[in-house]
Amino acid sequence: MKLNRIILPIMACTLTLGSCDDQIMEWKESDKSITISDIPLALKEKLANYDYIKAYAQQYTPNMIIGLGLGADQYISDAQYKQVADENFQMFTTGNAMKHQAVVKSDGSLDFTTIDAFLQAVPTDIKIYGHNFLWHTQQNQNYLKSLIAPTMKVESSGGVANILSGDATDFNGGTTGGWGSWGSNKDSQTIEAGAGSDGTACMVLKNKGDGNAWEAQCAYTFDDFLQVGKTYMIKFKAKSTSGAGQLQFQYQNGTTNGSQGGYNDFNIGTDWNDFEYEFTTDLEDVNRIILNFGKVGATYYVDDIQFGLKVEDPMTNVLSGDNSDFEGGTKGSWGSWGNGSTTSVSASGEGYNSDYCVVLTNPADGSDYYLAQFAYTFDDPLKVGETYVIQFYAKTSLEGAGVQFATQNSNDFSGEGYHNIPLSNEWVLCEHEYTCSKEGINRILINFGKNAATFYLDNIKFGVKKTTTRALTRGTSITYIPKSAEEKKAALLSAMEAWIKDMAQHPGMERVTEWDVINEPIGDNSKWRGFDNTFMDGDTAPVENEESGLTLNWSNEAGNGHFYWGYYIGKEYAAKAFEYARKYCTTGTRLYVNDYNLESNPSKLAALVEFVKYIDENNATGQPIVDGIGTQMHVSTSITRDQIDAMFQTMATTGKLIRVTELDVQVGTATPDASQLATQADVYQMIFESYKENIPTAQQSGITIWTLTDSKKEHEYWLSDDAPNLFDANYGRKHAYKGVCDGIAGKDISEDFSGDDWKNAYETEGEENPAE
């Protein structure tokens, strides 16, 4: 037997479980001559003499692969963490590094930086388990939602006294018209006939890859400087090859590259859209405008650029000061109420091209807009028969959430003129005409109670409509064209296939021998997630905004990664995922479905078995395609042998490979005592023994321990107040380590140890044995 000589018996007292005092033998006079071989070893000394876990796996269960779930970043950066992991385990599963949200960027491209470093660090004799292709969380929600979002058309009929002309505006003459480009991220600037929004020519800007916005610039330089204190507007049409494309506007001095300002980001989707931005500068030497295209790796199509002084307002504005622009840092005479909502003035610099704006926060979805109101009351009522114009800039934290314009009699609260206005997370100019038809209307309202979101409003203007020509003074309107159910399905299936293909075929990923293709597909109610109102806690079925067509509900948790593929694709999403995985993964790769609570929820296990059966019977290969079923087993010490046996016996009947994919045993405290640690060890051993007894050898894939140590670093987000692992925070072996090794061997390995092992350890070091 190979012994661990690194930790000597006396030093072993520093390991987990506290003092060795209770293990010291009481020596008494005896007729029997006691030899060194008769001295029993304390638990700590036994743990020190155990071999590495994978040595026992190779010896006793060569058909089973004992794995570890770990943090890729910590493995790469922490030498001691890596050493202990490498010494003990045969396979690694990354906790997050291979998930959709960690790899897929907002434009759909894949970032393999962490994965490549991990593959480089892992010894070639250690296998890698892929986790995971599809889940209902930790998906790049922003990218996936962009694929099914409606086409947004922003239309404007004037507002700019355009000083550009010819090719500088429409490129129809086949030249750039004076627009030049440069930058380390610039790939090319061309004029492409037939590619414009109306079928004519447009300018095409190609970016090499993601970077800083200014690393690829396209600029127009004027002969004269812009007028100080005047408001200018740029308008253009654009689209991108990426749903997450981005252009940035700025201005500067074309000679010195100084006097920079006016920065504004535009989100450029894959459909043609209209964009505009206005600014006022107090700098005297600005003569260049720039469209930066270096941030998101994509190709950008730009057409119909207009730039010049902004045209006058379409109304005679009766609001002024903080009632209009909030630049004094107050809300003026505006009041608000309803739905527990709050209103405030923003921090400096958050306004629309200004310091301040007003911020309206609605904490919860409501049945109608009027449940939260932002109101301005006039001293005199509006005139019946008069046409008024409301105009303001606005954006929201929730794409597609909206506000509603209305008017009201402040005495009897009767109202009219209701008009819903959907918003996006970019500043947009909102404008609506209203003709008063009721006596006593003396209040204007901006209602915001329907969607749980934050709304930003600035430059609110209201007054009688001007009688001058409206061709140059119309504001911006937004039209949404929702995608059909079939269009959404096709877009997501294409994204699913691309994700699985690019992930599976990335160089080095052939080392991944097994994959969780679908993770946690069954809800705790034993139904498929994404169907029959079965979602993650806090989520509800998505709905579309009646005006914008934008997906709401779980979308109000932007960044949480919740996304239900099956909701849009249907049940076939599961079969398609396995078809793509089988098509693109290396031949021989084992494909799994993985879920949790199967040991404590027999009906959920039965539903998972049916889920697997559905995939096997409804995929395009015409034969069973699921290789294995994974059970996570995040259990506590109260779990019983009967529960574990029953689960493994049911799983064995499927004939599939069975793997415990994420095993940890919770003790209910971060500071367990010796008794709790002993119970934890017994449970670990019990699970290994039940697995070997109830899963036929041919179906035994193995068991993966979930995370390495009890350190806070590994448990910041997972079981933060527990001690569920085999090693303590200082990499000391816990009693559970012995439980796992004994479970693998099917016996108490330490029974083969003796005092000779202690004696030999000292002799190996050339020290005098204190017992002699």
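Which strand is largely enclosed by the rest of the structure, and why?

Strand S9 (residues 217-221) is largely enclosed by the rest of the structure because four of its five residues are buried, where buried means under 20% relative accessible area, exposed over 50% and partly exposed in between, with a 1.4 Å probe and protein chains only. The model is a predicted one, in which local features need pLDDT of at least 70 and side-chain atom pairs count only at pLDDT 80 or more, while totals for chains, interfaces and linings use all residues. Residues are numbered from 1 along each chain as its sequence is written, and side-chain values use heavy atoms, with hydrogens and water left out.

S9 pairs in the antiparallel sense with strand S6 (residues 180-182) over three bridges, and serine 181 has cysteine 218 of S9 as its bridge partner. Strands are DSSP runs (E, at least two residues), as are helices (H or I, at least four), numbered from the N terminus, and two strands pair if DSSP finds at least two bridges between them.

## A five-stranded open sheet

Five strands form an open sheet with antiparallel pairing, in the order S17-S20-S25-S22-S23. Strand S17 (335-337) and strand S23 (415-422) lie at the edges with a single partner strand each, so one side of each is left without a neighbour in the sheet. From one strand to the next, the twist averages 20 degrees.

Within this sheet, strand S22 (residues 402-408) and strand S25 (residues 443-447) run antiparallel and are joined by five bridges, with isoleucine 446 in S25 as the bridge partner of phenylalanine 405.

## Helix packing

Helix H12 (residues 641-652) packs against helix H13 (residues 674-694) at an angle of about 35 degrees, their axes being 9 Å apart; axes are lines fitted to C-alpha atoms, for helices over the stretch in contact, and angles run from 0 to 180 degrees between N-to-C directions. The contact (heavy atoms within 4.5 Å) includes Ile644 and Phe648 of H12 and Met686 and Tyr691 of H13.

Helix H10 (residues 572-584) and helix H11 (residues 602-617) have axes that come within 9 Å and cross at roughly 65 degrees. In this pair, Glu572, Tyr573, Ala574, Ala575 and Phe578 of H10 meet Phe611, Tyr614 and Ile615 of H11.
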